[in-house]
Amino acid sequence: MVAIIMADMLRGNIIFLITSLLISFHLLIIPVESNTNAIVHVDKDLLELIQAEGLTKFANLIQKANIEESFTSSIARTVFAFTDKAYFELPPERKASIESMTKTDLEYFVKFFTVYNRKIQTSDIINNGILTSNGKNQNLLFTSRPRLNTNSYNTEQIYINGARIIRSNLNAINGIIHIIDSVLQVTSNNQAIVYLARPEDSRVKTSEFYKLVKAFADLEDDLRNIKRMTLFVPSDEAMQKVDSEKLQQLGNDKESIKKIIEQSIVRNEVLFTSSTDVRIRGIPTKTVPLLYKNSFDQVSVFSGDSTANIVIGNITVANGVIHVIDRMLGYVFNSVREEIQNDDSVKKFVEFLPKINDAIVKEAIMTDDRVTLFVPTNEAFARVPEQTKVLQRNPACLEEIVKFHIIRGIKWQLVQIGGDYDARERMRSMASQFLKAYNFDYDRYVDSVGVQAKLISTDIGCTNGLVQKIDRIFGIPDVDIPGLIFNHPWLQEQPFAALQITGLQQELTDNKRTDNSNSRYLPPDYRQCGFLKCDFTMLIPNGTAIEIMMRNHIGKEIWKRPAILKRVFQRMIFKDQCIFMDSLADGIKNFVSSVGVPVVFQKSQLSQTVRLGPKVAKVLHSDLAATNGIVHIIDQVLFLNEDLWTGNAAQPRLSLVLMISSLILLLCTHT
C-alpha cells in the first residue's frame with residue numbers, strides 16, 4: 001500500500017515538473033504584448049501609419065497643405081504627431097489661426113513637427129537637447145527627459161518643446177512616428193531679448209521690463225549671448241503694481257536690474273511648464289529660479305525671496321523659452337501691510353484690521369522686520385458667513401483669530417517644504433498655537449487650530465516678511481464631521497460610506513446650534529469665540545484601512561452587518577470629549593468611548609497611536625476640527641474577532657477584556 005502511494009506521488013511530481021517546464025518554454029516563445037512605448041514594425045509609409053494610428057487631424061493638415069509626398073517618399077523623417085484630442089482641446093482662436101493659414105504657411109507649420117532625413121528613436125533623445133525641425137527656418141525643437149514625482153511614481157518622461165511623448169517608436173518604411181499630447185507652437189527664430197522687443201504673440205505685453213534691460217547696453221548684450229535659457233519676465237500689468245516712484249529709482253540702478261535679471265534666468269536649461277514637477281526638487285536658493293505646480297496645474301516660480309505665477313507660459317524662442325509671470329522676481333518692494341492692501345483677493349481680511357484694538361497685532365503686521373502672515377482669501381470668509389458676522393461685532397474674538405495667522409520673528413518659507421504629513425514642519429503663532437506645514441499630492445497645506453488650509457499663493461516676498469495666502473481661516477471650521485470626512489482627500493469614499501451604512505452620518509451631523517453649552521470641554525483658546533462645539537471626537541480610518549479590513553474574512557463579515565459595524569465605529573467616537581493630540585502630554589492616556597469602551601491614546605515625539613485591546617492604529621493626521629468636534633485619521637479599523645458575537649451580552653464582556661488590557665499596558669509602561 002505504501003509503495004503504491006509513493007509511486008503515485010513520484011508520478012505526480014514528474015507530471016508537475018514536465019508541466020512547469022512546458023509552461024516556461026511556452027512563455028519564452030510567445031511574444032509579450034507590446035506596451036505603449038514598444039517599437040512597432042509595420043509595412044506602411046509615414047502617411048499610411050499616421051492614418052492607421054487614428055491621427056485624423058494631423059493627416060488632414062498634411063493633405064490640406066498638399067505635402068503628402070513628403071510623408072510617402074523614400075527620404076527618412078521623424079514625425080512628432082499630435083492626437084486629435086490635443087487639437088480639439090486648443091483654444092478656439094488658436095484653431096481658427098491654424099485653419100485660416102495659407103497653403104504655404106500650413107506646409108511649414110506641419111513640417112515643423114518633423115525632423116528631415118533622420119530616424120530618431122526615443123533612445124536617441126537626450127535631456128536638455130536640441131533637434132532641428134524641417135520648418136521654414138529650421139526652427140528648433142528642445143528635448144527633455146525629466147524624472148517627475150507624480151502621486152505614486154517617480155518616472156522618466158520624454159518631452160519635445162513641452163509636449164509629452166505618449167506613444168513612441170512607431171516604425172514606418174520611411175521613418176519613425178512619436179505621438180505627442182499637445183499641439184506645438186512654432187519656435188520663434190528670434191532670441192529672447194529680441195522677442196521681448198517685438199513679441200510675435202499679441203497676448204505678450206512685457207515692454208516695461210524690456211525698457212529696464214535696454215537702458216544698459218551691456219546687460220542687453222549679456223542676454224543676447226546666452227545660448228540656452230529659461231527666462232521669467234513680469235507682464236506690464238505686474239510692473240504697474242510697483243509704485244511709480246520706486247520703479248523710476250529702479251530704472252537708474254544698474255546693479256539692482258542686474259540682480260533682477262540673474263534671479264529671473266535659468267541658464268543652460270530650457271524648462272517648460274508641462275514637464276514641471278509637482279514639488280520642488282532640491283533646496284530652493286535666492287539666485288536660481290525653481291518651478292513647481294499644484295493640483296490645478298498652476299505653475300509657479302520661486303526666486304529672490306519671492307514667488308510668482310506663470311500667466312503665459314512656454315513661448316519658445318531661438319535660445320530657449322520665455323514665461324510671462326505676475327510678479328517681478330528679485331525685487332521686493334511692498335511691506336506686508338502694503339502687499340495685502342493691494343491684493344483684492346484678500347480684501348475681506350484687510351477690512352477687519354482697523355477693528356483690531358491690540359497694538360501688538362498691528363505692530364506685528366505693520367512694523368516687524370521679520371513676520372510671516374497667513375492671510376485667508378475672500379472665498380475663505382464666504383465659507384463661514386455667520387462666523388464672519390461674529391468677527392465684525394466682537395473685536396476680542398477677531399484679535400484672537402488674527403493671532404492664529406501671524407508668526408513673529410521669522411520668514412517661514414514654505415516653498416521648500418518637501419515632506420508629507422509625517423515629515424511636517426512646525427512653527428508657533430502669536431497665539432502660541434502650532435502651525436504644521438506639509439505636502440500632499442500636488443499641494444501644500446498648513447494646519448492650525450484644527451483647520452487644514454491649502455496654500456493658494458506661497459512665499460510672497462515683502463520688505464519685512466512673507467505673505468502666505470490660504471483658502472481657510474484658522475480656528476474657524478466650516479464643515480461638520482460627516483462633511484469633513486466626505487471632503488478630506490485622504491479619506492476617499494469608503495469611510496463616508498461606513499457612516500451612511502451605520503446611520504452614524506445623521507448622528508454626527510451638526511444641528512447648527514448657535515449656543516456653546518459644552519464649552520467646558522474645549523481648550524481655553526476655543527472659548528473666546530465659540531466657533532467649535534466639541535460634541536464628539538472621532539477616530540476615522542482612512543480608505544486604505546477599510547480596504548485592508550475588507551480583505552480580512554472577519555472584517556468582511558462585519559462590513560456586511562450594519563449593526564455590528566456601527567458598534568465598531570461607535571467605539572471610535574467619544575461624546576462630549578475634546579481630544580487634541582497636540583494638547584496631550586507625551587505618554588499614555590485612557591479615554592472611554594461613547595459606548596463605554598476604553599481606548600488608549602499614546603503619544604511620543606516620534607509617533608501618535610491609539611490602542612483598542614490588542615489592536616494598535618497609527619494616527620495619520622490629527623486634530624482636524626469640524627463645527628461639532630475633532631477628527632483624527634487612523635490607519636486601521638479597530639475591529640476585533642469578538643465583534644462577530646451578536647447581542648448586547650457581548651458588550652460588557654468585551655469592555656472587561658479591554659479594561660484589563662489597558663491596565664496591563666499602563667502597568668508595563670510605568671515599570
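Which residues have the most contacts inside the largest nonpolar core? They are Met-538, Leu-539, Phe-569, Phe-601, Val-610 and Val-637, and the core has 52 residues. By nonpolar core I mean a set of buried Ala, Val, Leu, Ile, Met, Phe, Trp, Tyr and Cys residues joined through side-chain atoms within 4.5 Å. Buried is under 20% relative accessible area, exposed is over 50%, and partly exposed is in between, with a 1.4 Å probe and protein chains only.

First, the ground rules. This is a predicted model: local features need pLDDT of at least 70, side-chain atom pairs count only at pLDDT 80 or more, and totals for chains, interfaces and linings use all residues. Residues are numbered from 1 along each chain as its sequence is written, and side-chain values use heavy atoms, with hydrogens and water left out.

Now confidence. pLDDT is the predictor's confidence in each residue, from 0 to 100. The chain has a mean pLDDT of 84, and 83% of its residues reach 70 or more. Residues 1-36 stay under 50. For that stretch the model has 3 contacts beyond four places in sequence; contact means heavy atoms within 4.5 Å. Residues 280-284 are also below 50 in pLDDT. That stretch has 12 contacts in the model beyond near neighbours in sequence. Where pLDDT is low, the predicted coordinates should not be read in detail.

The overall picture. The chain has 671 residues, and 52% of them count as buried. Its secondary structure comes to 27 helices and 30 strands. These are DSSP runs numbered from the N terminus: helices are H or I with at least four residues, strands are E with at least two. Take the contacts between residues at least 6 apart in sequence: 65% of them join residues at least 24 apart. The chain exposes about 31,300 Å², with carbon and sulfur atoms supplying 52%. Accessible areas come from the Shrake-Rupley method with a 1.4 Å probe, and for residues only the protein chains shown count as cover.

Back to the 52-residue core. Strand β29, residues 615-626, gives the most to this core: 5 residues. The core lies between domain 3 (338-470) and domain 4 (481-634), because both give residues to it. Those bounds come from an automatic or database domain assignment. There is also a second, separate core, with 45 residues. Phe-381, Val-390, Ala-453 and Ile-460 are among them.

Let's stay with Phe-569. Which residues does Phe-569 contact, leaving aside neighbours within four places in sequence? Ala-498, Leu-504, Met-538, Ile-540, Pro-541 and Val-637. Phe-569 is one of the buried residues of helix α26, residues 562-570. Together, the buried residues of α26 pack against helices α21 (494-502), α22 (504-508), α24 (543-551) and α25 (553-560). They also pack against strands β24 (536-541) and β25 (573-575).

Next, strand β27, residues 598-603. It is largely enclosed by the rest of the structure, because 5 of its 6 residues are buried. Strand β26 (587-592) pairs with β27 in the antiparallel sense over 6 bridges. Two strands pair, here, if DSSP finds at least two bridges between them. Gly-587 has Lys-603 as its bridge partner in β27. The two strands form a hairpin with 5 residues between them, and Gly-596 in the turn has a positive phi of about 80 degrees. Then β27 runs antiparallel to β28 (608-612), joined by 4 bridges. Val-600 stands opposite Arg-611 there.

Now β2, residues 77-82. All 6 of its 6 residues are buried. Arg-77, Val-79 and Ala-81 cover one side; Thr-78, Phe-80 and Phe-82 lie on the other. β2 pairs with β3 (114-116), antiparallel, over 3 bridges. Thr-78 stands opposite Val-115. With β10 (175-180), β2 pairs in the parallel sense over 6 bridges. There, Phe-80 has His-178 as its bridge partner.

Last, two asparagines. Is Asn-117 buried or exposed? Asn-117 counts as exposed, at 52% relative accessibility. It lies in the loop between β3 and β4 (129-132), and its phi is positive, near 60 degrees. Asn-161 also has a positive phi, about 50 degrees. That residue sits in the loop between β8 (159-160) and β9 (163-172). Asn-161 is buried, with a relative accessible area of 8%.
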